[in-house]
Structures are given as C-alpha cells and as structure tokens.
There are 2 protein chains.
Amino acid sequence: MGSEAGKGGTVAKAADVGPLAANVRYLLRRAQLAVFDELIQALAPLGLRPAQYGVLILLKHAPGLKQTDVAGALGIQRANFVVLFDELERRGLARRDPMPNDRRSYALYLTAAGDEVRERAAKREAALEASLDAKLGPGGRQQLLDLLGRLVAS
Amino acid sequence: MGSEAGKGGTVAKAADVGPLAANVRYLLRRAQLAVFDELIQALAPLGLRPAQYGVLILLKHAPGLKQTDVAGALGIQRANFVVLFDELERRGLARRDPMPNDRRSYALYLTAAGDEVRERAAKREAALEASLDAKLGPGGRQQLLDLLGRLVAS
DNA sequence: TATTGTTATACTCTATAACTATA
DNA sequence: TATAGTTATAGAGTATAACAATA
C-alpha cells in the first residue's frame, strides 16, 4: 500500500502505533472491531446484525422475557430495542404475546422461522469460533473469557 | 430494581444472558464498552474524546506524520480525520505544517499546549490503568495483551 | 494516473426526553 | 407514583463518493 511514496527522506511509518500497541484499551477496541466485523460479514447474508442475532439467542435460551429485560441484558436502550424488535417481528422471526398479569408488557418469543434463522446464524458463527480458537491457541479462549469477565464484572 | 413486579410466576431473569456469557465476541464488546466508558468519563473534563487523545499520543511519539498516516494508524477514515484534527488545531493543541517535498500533504505536530493536555490526560488514564490491573490480577494485563494481539494480528 | 486533503452525505449506534396506558 | 412500551430527536462514529491541488 504505497509506503515508499515520494522520493524524499520520509519513510512513512504507516501502521506504527507506538505506545498504543501496549495499551489495553486500544487493543481491546481493535480486537473487538476486528472480531465483530467478521461476524457482521458472516451474518449479512441472513439479513441479521449482531444485536438482532443476540436477541434470537437470548429468546431461544429464555423465552417469554419482556422487552425491558431483553434490552437490559444486551445493553440496549429500551427505546432503541423497540425498533430493532419491530423488524424481527415484521420479518416473522419473533413475536410479541400479551402478558396475562400485566397488560403493559409483552412476552417475547422466537417463531419457528426465527429459530431456523438463529440456527443458520449459529452455524456460521461456529465457523468463526474455530478460526478464533486457532488464533488464540490452546486454552486461550478460556483465559480470554476469564480476563474479559473480570473487566465486565467491575 | 423491581424484579418482583406483579404477583404472577414471572421471576424476571433480568441480567441472565445465558449462552452469551461464554461468548468471546459478546464479552469482548461488553468489556470494551465498559473500559472505554471509563476513559470517556476521565477525559471529558479535558474536552478530549478517546480518538483525539489517540492522536495526541501518536503525534507525541511520531511527530511530523501526515494525515493519511495518523488516520490509518488509528483506524479512522481520512475524511473523518479532517474534522477531528480541525478541532484539535482550532483549540491550539496541534498544528499542520507544510511539507517541504510534497505540497499536497501536511506534517502534523503537537503544540506545547497540546503536549500539556496530553500529559494531563495520561495521568488520568494512569489512574484507570491501576484499577484495570487490580481487576485483571497479577500477570493479567500481559496475558490479555498477548491474547488480544493475536486477535488483531490476523 | 494516483495520492492528499477536503466536502458532503448517509447510515448505524447510542442516548435522552416526553408521551400513553397500565400498574 | 412508578413502570412498560413507544415516539421523536439528537449526537457520535463510521463509510463512501466526488472534487481540487499536486505528484
């Protein structure tokens, strides 16, 4: 990519991030972006973005949650979750059912179609996980999960 | 936070993310957001956002880089970098100098004021790093840097 | 022709305030 | 009064295309 442009003395240290290379925060961001971009590309053919995929996974594991719970668990604002879920519902991948005890809220469920899409997405994700593990080496995944868990716990 | 709303059987599993809790990508995002939010709060009193702080760090370490290089090193689009740097220049924290060999590009430098602000930001960041290390435990930082580095490398 | 800086634009994600209907 | 869902809106961050000056 044209590192030696021109003819002067400027050597153009293109990708040298210097002190940032040893910065946890910086590497965390770079790693997150890299890994997320892979997932975005993998899910794109299914018309799913990572956040929507997260909803499908969560509803598979814990059906009947209400919007506030799902949004909270995924770190999404209630207000933004509405639109996100509207699209899943419009596409017939999930549905809002009335709650018997509280007419303010909905119980959220995957549809059969939604579970199919989730399953296909999971297969695509699994392929990426394998490549992740290859990069991380033996035991690397568990180590990373531990360390990240400590950061999230706060 | 009102987990026992209503009187029915719904126990409201508020923060149970189930399978996502063991997902590298999900934890990576959550950790990155948590850690970045700390930095955003710490830098806010200085009127700096993380990306701007990154520019100051980079220019301190490698003065005289041109816009394309700095943007590329930080993973920012050339077009977006222009506006970002405009603000640093407007505030007198950095400057564009003409390049002798190439009249298309600028050599970017920190000003004295910019270096002062960078220094103050670095001190605030250092405080956060200490708290990070406490969470990560002995050797945790280096382990994490290694693992993240492998994810970014590819 | 290719590259640098630049403008304009658009799209996603995120955050907040305010409304409604229920509780 | 408090909560669930909703709407509208605004702000970041990011991505792309196109242009002028220069190489």
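Helix H4(B) gives the most to the surface near DNA strand C, with 3 residues; here a residue is near a strand if one of its heavy atoms lies within 4 Å of it, and helices are DSSP runs (H or I, at least four residues) numbered from the N terminus. This is a predicted model, in which local features need pLDDT of at least 70, side-chain atom pairs count only at pLDDT 80 or more, and totals for chains, interfaces and linings use all residues. Residues are numbered from 1 along each chain as its sequence is written, chains are lettered from A and ligands numbered from 1 in the order in which they are written, and side-chain values use heavy atoms, with hydrogens and water left out.

**DNA strand C**

In total, 18 residues surround DNA strand C, and A:Asn80 and B:Lys66 are among the closest.

| Residue | Atom of DNA strand C | Distance |
|---|---|---|
| A:Gln77 | phosphate oxygen | 3.5 Å |
| B:Arg29 | phosphate oxygen | 3.3 Å |
| B:Arg104 | base oxygen | 2.8 Å |

**Salt bridges**

B:Glu129 forms a salt bridge with B:Arg141, with the closest N and O atoms 2.6 Å apart; the term denotes a side-chain nitrogen of Lys or Arg within 4 Å of a carboxyl oxygen of Asp or Glu. Because B:Glu129 lies in helix H5 and B:Arg141 in helix H6 of chain B, the pair ties together parts that are 12 residues apart in sequence. Both residues are buried, that is, under 20% relative accessible area (1.4 Å probe, protein chains only). B:Arg141 also meets B:Asp133 in a salt bridge, at 2.8 Å from N to O. Salt bridges with shared partners join A:Arg25, B:Glu129, B:Asp133 and B:Arg141 into one network.

Definitions and conventions: Polar contact = N/O pair within 3.5 Å; in protein donor to acceptor, adjacent residues only side chain to side chain. Helix = DSSP H or I, 4+ residues; strand = E, 2+ residues; numbered from the N terminus. Buried < 20%, exposed > 50% of the residue type's maximum accessible area, 1.4 Å probe, protein only.
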